[in-house]
Amino acid sequence: MITGMSSKPSVCMSGTKTVVVAALLLDMDGTLVCSTGDVEKVWRLWCQHHQLAPEPVLAMCHGMRSREVIRALAPQLDVEREAVRLDELEMEHTGGDAIAGAGELLRRLPPQSWAIVTSASERVACHRLNCAGLPLPNLLVGAEAVINGKPDPEPYLLGAERLGVPPARCLVFEDAPAGIESALRAGCTVVQVGGDAPLNPAVVAVIRDWREVKVELGETSLLVTLPA
């Protein structure tokens with residue numbers, strides 16, 4: 001476990017801000033991997049199979065577990081069986097690239113200082129990370145690890161607990177409203193990946209890709225520099 005100082009950002013004169021934290025909790029789809037197209041393709045195929053309109057599903061699916069989407073929009077179906085079907089489709093149609101700078105940053109981090117917290121199953125997550133050429137984390141919190149998926153705080157609370165770090169000492173990187181809400185409700189500090197404007201006023205920064213993030217390894221903390 002890495003311990004450290006306050007996670008409140010301090011703004012520097014150079015137009016950047018530095019956050020001192022104990023650990024990073026990272027979403028995967030849209031945050032580390034350019035997989036939005038793959039995700040939407042899978043859901044379109046699933047909707048076609050069940051003769052469902054894709055628009056409501058595509059409006060809801062980003063950042064959320066398949067189980068929550070199915071329960072909300074197709075409650076007549078067997079949720080667990082359909083989650084398995086979607087996993088198989090995702091294994092078949094995965095091929096996204098890493099978001100710029102992600103691999104370089106992850107390879108510099110001490111293994112005990114970061115984890116992935118994703119709405120994908122562990123199997124799909126590992127497959128997608130391998131396809132993108134990204135390192136696998138020591139700790140991965142996948143869809144099957146929690147009872148309640150994002151936007152519930154449980155995934156990020158579990159990630160922090162398993163790293164042995166208080167949520168308030170964790171910096172989360174997320175791209176979707178559901179994931180941002182989950183992390184904020186867990187008590188984490190949140191950086192948004194992608195987009196021109198914050199999806200939630202509580203995010204401390206918005207980055208285009210990982211080349212805008214600098215991490216210095218302190219003796220007992222991570223010093224993360226972000227765009228102001």
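1. A salt bridge is a side-chain nitrogen of Lys or Arg within 4 Å of a carboxyl oxygen of Asp or Glu. Glu-212 makes one with Arg-208, and their closest N and O atoms are 2.5 Å apart. Glu-212 is partly exposed, at 21% relative accessible area, and Arg-208 is exposed, at 65%. Here buried means under 20% relative accessible area, exposed means over 50%, and partly exposed lies in between (1.4 Å probe, protein chains only).

2. Some ground rules. This is a predicted model, where local features need pLDDT of at least 70, side-chain atom pairs count only at pLDDT 80 or more, and totals for chains, interfaces and linings use all residues. Residues are numbered from 1 along each chain as its sequence is written, and side-chain values use heavy atoms, with hydrogens and water left out.

3. How many salt bridges are there by this rule? The count comes to 12. One of them joins Glu-68 and Arg-65, at 2.7 Å from N to O. Glu-68 counts as buried, at 16% relative accessibility. Arg-65 counts as buried too, at 3%.

4. Another salt bridge links Arg-185 and Glu-181, at 3.5 Å from N to O. Both residues lie in helix H8 (residues 177–186), 4 residues apart, about one turn of the helix. Helices (H or I, at least four residues) and strands (E, at least two) are DSSP runs, numbered from the N terminus. Arg-185 is partly exposed at 48%, and Glu-181 is partly exposed at 35%. An α-helix has 3.6 residues a turn, so residues three or four places apart point the same way.

5. Now the sheet. It is open and has 6 strands, in the order E5-E4-E3-E6-E7-E8, with parallel pairing. E5 and strand E8 (205–207) stand at the edges with a single partner strand each, so one side of each has no neighbour in the sheet. Two strands pair if DSSP finds at least two bridges between them. Strand E7 (residues 189–193) pairs with E8 in the parallel sense over 3 bridges. Gln-192 stands opposite Val-206 in E8.

6. Which residues of strand E3 (residues 23–26) are buried? On one side they are Ala-23 and Leu-25, and on the other Leu-24 and Leu-26, so both faces are covered. E3 runs parallel to strand E6 (residues 170–174), joined by 4 bridges. Ala-23 has Cys-170 as its bridge partner in E6. With strand E4 (residues 114–117), E3 pairs in the parallel sense over 3 bridges. There, Leu-25 has Ala-115 as its bridge partner.

7. Helix H6 (residues 122–131) has the buried residues Val-124, Ala-125, Arg-128 and Leu-129. Seen down the axis of H6, they fall within an arc of 130 degrees, so they line one face of the helix. The arc is that of the directions from the helix axis to the C-beta atoms. Their cover includes helix H1 (36–50), helix H4 (79–92), E4 and strand E5 (140–141), where contact means heavy atoms within 4.5 Å. After H6 comes Gly-133, with a positive phi near 75 degrees.

8. Last, a lysine to check. Lys-17 sits in strand E2 (residues 16–21). Lys-17 is buried but has no salt bridge. The nearest side chain of opposite charge, Glu-212, is 12 Å away. A polar atom of the Lys-17 side chain lies 2.4 Å from the backbone oxygen of Val-204.

Methods. Lys and Arg count as positive and Asp and Glu as negative; His and the chain ends are not counted. A polar contact is a pair of N or O atoms within 3.5 Å; within protein, one must be able to donate a hydrogen and the other to accept it, and residues adjacent in sequence count only if both atoms are side-chain atoms.
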